[in-house]
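Please open the model in your viewer and keep the selection panel at hand. The tour goes from stop to stop, each with something to select.

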Amino acid sequence: MGKKPYESPTIIKIESSMSKAGLPSMQQKIRKDIDGVDIHALSDEYGSPLFVFSEQKMRKLYKEAYEAFSSRYPNVQFGWSYKTNYLQAICSVFHQEGAIAEVVSEFEYEKARKFGIEGKDIIYNGPYKPYDSLKTAASEGAKIHIDTFDEISDLEKVADELGMTIPVAIRLNMDIGIEPQWSRFGFNIESGQAMDAVRRIEAGGKLDLNGLHSHIGTFMLDTNAYKMQTTKMVLLMKEIEAHTDYIITYLDVGGGFASKAHLKGIYQPPEVVVPSIDDYAEAITSALYEHLEHGNYPRLYLETGRHLIDEAGYLITTMTGTKRLPDGRRNYIMDAGVNLLYTAFWFKYDLELTERQDGMMEPALVNGPLCMNIDVIDESVMLPRLKRGSKMVISPVGAYSVTQWMQFIRYRPSVVLIDMQGQTHLIRETEELHDVEARERLPEYLQHE
Amino acid sequence: MSKPESGCQSTFNMNSATMKSYFTAVISSYAEILFLQNPRYGLALLLISFINVNTTLSGLIAVFTVLAFAYFIRMEVEFLQNGFYIYNPLLVGMSIGYIFEVTAVSALLIMMAAIFTFLLTIVLYHLFLKASIPILSLPFTLVSTLIYLASLNYTSLYTQALYIKPAFVDLTFLPVILSMYLKAMGTILFLPYSGVGLLFVIGILSYSRIMFLLSIAGFYVGVFVHSMMLGSWHLALSNPYTFNYILIAIALGAIFLVPSIRSILIAMIGVAMSVLFIDASASFWAIYKIPVFTLPFNVIVISFLFVLQSVRFREFAYDIKKTPELTLRSYILSFFRFRLGDINLFLPFSGKWSVYQAFDGEWTHQGEWRYAYDFVIMKDGESFKGEGNHLEDYFAYKKPVLSPVSGYVLDLKDSVEDNLIGHVNTIENWGNYIIIQSQLGHFIEISHLARASIKVKKGDYVEAGQILGLCGNSGYSPQPHIHIQVQESVLLGSKTLPFQFVSYIEDDHVQFYDDPPEKREVESYFNDKSLDKRLSFTLDSRYSYDVYHGEKIIDTFELKVKMNRFSGRFYFEDQKGNRLHLAKEAGMFYLYDYEGKDESWLQKIYIAIPRIPLVYRKGLTWNDYLPARYALRTHLTYLLSIGAIAFPRAYITKGKWQFKDEQRIEGVLFSHPEQKVAVGLDQSNGIDYIEVQEHIIRMRR
């Protein structure tokens, strides 16, 4: 047994277990496996860092969400929000479960189409939809959600070109008593702008308004906001049907349901503050029952993204180096950072070790591999002294990370799916130099001999 | 069609349309005496009946008297729709003309008799209507008897009594056994000549093979039974009232009952019974020198129908079509497509629930309360999560309970505490409940709702699918569940009645009109607004279609949405007058009752998509049934319809349809060989295209 390398001593403030601030976690969080597959085996086979998705968890979350709504309202359809995670394998699981596609750009639209999703099963949202893509979407029967008056004009032109009446929906924004109010998307209800848009569509006579859409925000912790949103949408639907010949056949209440992730600045743990999917369902469907005329049910669309995937995603990362900072904090350099975890700016992740470490817990700063000051995974977390090469599992990271990740400084890593039987499947390979440079063109005069 | 204007009858300006409908009514009434619903046959019969000018003339006097009288009392033209009103006076007129020559005096007699018959017909019609029993020619029998009795005193009328018999109308060369059948047939219209009978038989044969076969069976069964009693074939054959056998056989075997083995047996029993009736009444009536007319036929058929109606005889023809073949076809199709049950409910919840107890369930659905359903939500074989010790652990707890029908809330209770798990309330065993009376008058009871969860009030009108309250565990309920039953009265706990669920989804398949067995997981649905809108066909809207064979347009046609102003039924009509009825109810859009030529494009639409559930799920399937001959494109129609009496299944072709996506439906008809069909729904309204057999029918824009 060799001599231990010298470490300067650290002074740590011991929190009382009954302190006003609650119980700081002095327990080591250990995760040895994901769905029964050993973490080390995963990183040995697929490398580190490594994104891992659990199909079991995804399907469970989807079924729970679908049942929460369908057992309360008889006409429900989920649309898988592509931007949340558009890896083909991930989309496939949700499409298999019955979700249609919700896209916000021509790129995502093409992706869904290539994937075999018919235009009719695509909800096309977004503040900017290029003219050509509007034309394609209209001719393929997609559910186009209009965001601006300019888009109405564009679509009327498309209608003339295609010689058809285009079924459309309008996107709405409204005051539902929360801050910030997402007022930059769609037409405002309170100011009368939404009704103006309806009149404008009616005057054009080339579009058939049949749906209303609104998306009030993201990571919404207040279910009452949904109740107000739904109520306002139903009331607008009634107004439209009373004053025009349009029949609103669907209401799309968007998404924004929170996952069990810890938003920075919210003190209590997600288990306490995040409403259950049943709470969201109850809020929305009770508003529907309260205000709908009966007989015919408009279809209720939901574009839940985060809630269905966030908790199914993990990032396995390796500790590559450590030092002590001048303020006494331990500093760990991981092989994954904000290049892969764009959402690290808002969320405090769960950091789990793969095996129990000896020694006492100390405050640590967990950094990524970028040579940038902002590359912080966690500013302050209690960790035991880690050995170089030890693994850490970061979660939940299923939402937005593999769509917002950057090829910056480092290659983007592999992504693995663990199926229902516990088998692993590589669903995206680690990038290589070629992937990064494939689209580059080097002018001849700059090429060296 | 022009609407009847209220002023029309108050003035004496008869327009040509009214004249035409009077004329049609008159000739139709001739046809209806032989159960033929076709004015052309009536015209032929009228012309044939001129063989005996006197009878015909007095018949017509009676009819015109009645029409004038109806006009005089400002009766609405609609009454002409009902053949009974005219054919009874017609028969009375003919029966008078049969023995009295038409003179000024006898004409007066005819007119009085006709008006009296008319009055009696209306009186009897309204009395019989309560029991839904036809009056047949009962008024004729009664009034003719009256006239014959009265005329015994009118000696002046007898002086020119007519018994002229045109020689050529009797086919003397035929064997008696055949000529008597023909003669009986002729007698129905007071023309007891085998030659005339032969014409009638030819008419009936061309109109309906089933009626023809029944007329023969009825006649010879009657004669056979009678000859056994009398001991003489000849006497039995030559009895003047044998036409009653024919009428009874056709009426019971094919008109008022749906043709079937059972109906035919009943008809033959009726024929056999009529023998006794004819002999008895003839002996009695003979004293006063009056004929029995159609009295045996009337009494026997009416008695049978009264009893069969009260026992809800399954083959009772509630919907009598133009021919027995059509009645049979419609019955078989309705049986397979709509199951003929009269109490239909929607499932009282949203989403997937499991049947915990069905009819005759082993725990509580017993005795008077055997017709009830219990539903719970199950996941992985359990109705709860965790230990199941708390109400909140149960998936069904506090889930919305939706109204299974549209109707009025008559009674409810909302104050019973929900039991803790493991306890039941044996005092208020129905717990919190709601009793709703449906639009059709049935009483539906739902039990065990959560305390203080009911969202409707007594007297509220609720629509099917509207929220009533939340599922709970009140009353005799060991775990949260929904109990639903249909009962005889509004009183809580009254005797239950069988019912069926209109439409629900089971394993991505839509079931129509069925009772799911225990443990089965079923999913409810209510009309999707989008499909509802796309399949809304408003009155007078038009749809133009091009028919493609390959790339080439081979035909075009236009459909117009129309409404029958009597029945209120909607139908599509093409320019050739072919009709296809459509309906949207009970969670589905469906086509039915095609009337028109075979091989029309309208008929192809029917084949391609007889029914669409008003709910969309990708991959959802459903079954339906079509008349086999549409799918087979066969000309063996005659054989098929006769065969259908014994083998109904041979008469229909099953098909299976599936939603490929929100706009395209594909189907397979299980004919030999199988046929593929497809239907495209327009994004906004109507049917965009139909792919059927070798054609594509496409909407023109």
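Start by selecting Arg59(A) and Glu55(A): their side chains meet in a salt bridge, 2.9 Å from N to O. The term salt bridge is used here for a side-chain nitrogen of Lys or Arg within 4 Å of a carboxyl oxygen of Asp or Glu. Arg59(A) and Glu55(A) sit four residues apart in helix H2 (residues 55-70) of chain A, about one turn of the helix. Helices (H or I, at least four residues) and strands (E, at least two) are DSSP runs numbered from the N terminus. Both Arg59(A) and Glu55(A) are buried; buried means under 20% relative accessible area, exposed over 50%, and partly exposed in between, with a 1.4 Å probe and protein chains only.

Before moving on, some conventions. This is a predicted model, in which local features need pLDDT of at least 70 and side-chain atom pairs count only at pLDDT 80 or more, while totals for chains, interfaces and linings use all residues. Residues are numbered from 1 along each chain as its sequence is written, chains are lettered from A and ligands numbered from 1 in the order in which they are written, and side-chain values use heavy atoms, with hydrogens and water left out.

**Across the chains**

Next, select Glu662(B) and Lys143(A), whose side chains form a salt bridge at 3.0 Å, N to O. Glu662(B) is in the loop between strand S22 (652-659) and strand S23 (664-669) of chain B, and Lys143(A) is in strand S7 (residues 143-146) of chain A, so the pair joins two chains. Glu662(B) and Lys143(A) are both buried.

**Within chain B**

Go to Asp624(B) and Arg337(B), another salt bridge, at 2.9 Å from N to O. This pair links distant parts of the chain: Asp624(B) is in strand S21 (residues 621-627) and Arg337(B) in helix H15, 287 residues apart. Asp624(B) is buried at a relative accessible area of 0%, and Arg337(B) is buried at 2%. Over all chains the structure holds 54 salt bridges.

**Aromatic rings**

Over all chains there are 63 aromatic pairs. Select Phe257(A) and Tyr280(A), a stacked pair at 4.4 Å centre to centre with 20° between the planes. Rings of Phe, Tyr and Trp (its six-membered ring) pair if their centres lie within 6.5 Å; planes under 30 degrees apart count as stacked, over 60 as edge-to-face and the rest as tilted. Phe257(A) is in the loop between strand S11 (250-252) and strand S12 (262-263), and Tyr280(A) is in helix H10 (residues 277-291), 23 residues apart. Both Phe257(A) and Tyr280(A) are buried. They belong to one aromatic cluster whose members include Tyr62(A), Trp80(A) and Tyr226(A).

**Charge over a ring**

Return to chain B and select Lys379(B), which lies over the face of Phe395(B), 4.5 Å from the ring centre. At Tyr548(B), the charged end of Arg698(B) sits over the ring, 5.9 Å from its centre. A charge sits over a ring if NZ of Lys or CZ of Arg is within 6 Å of the ring centre and within 35 degrees of the ring normal.

**Confidence**

Finally, colour chain B by pLDDT, the predictor's confidence in each residue, from 0 to 100. Chain B averages 88, and 94% of the residues score at least 70. Over residues 1-13 of chain B, pLDDT stays under 50. Where pLDDT is low, the predicted coordinates should not be read in detail.

Terms used
Contact means heavy atoms within 4.5 Å.
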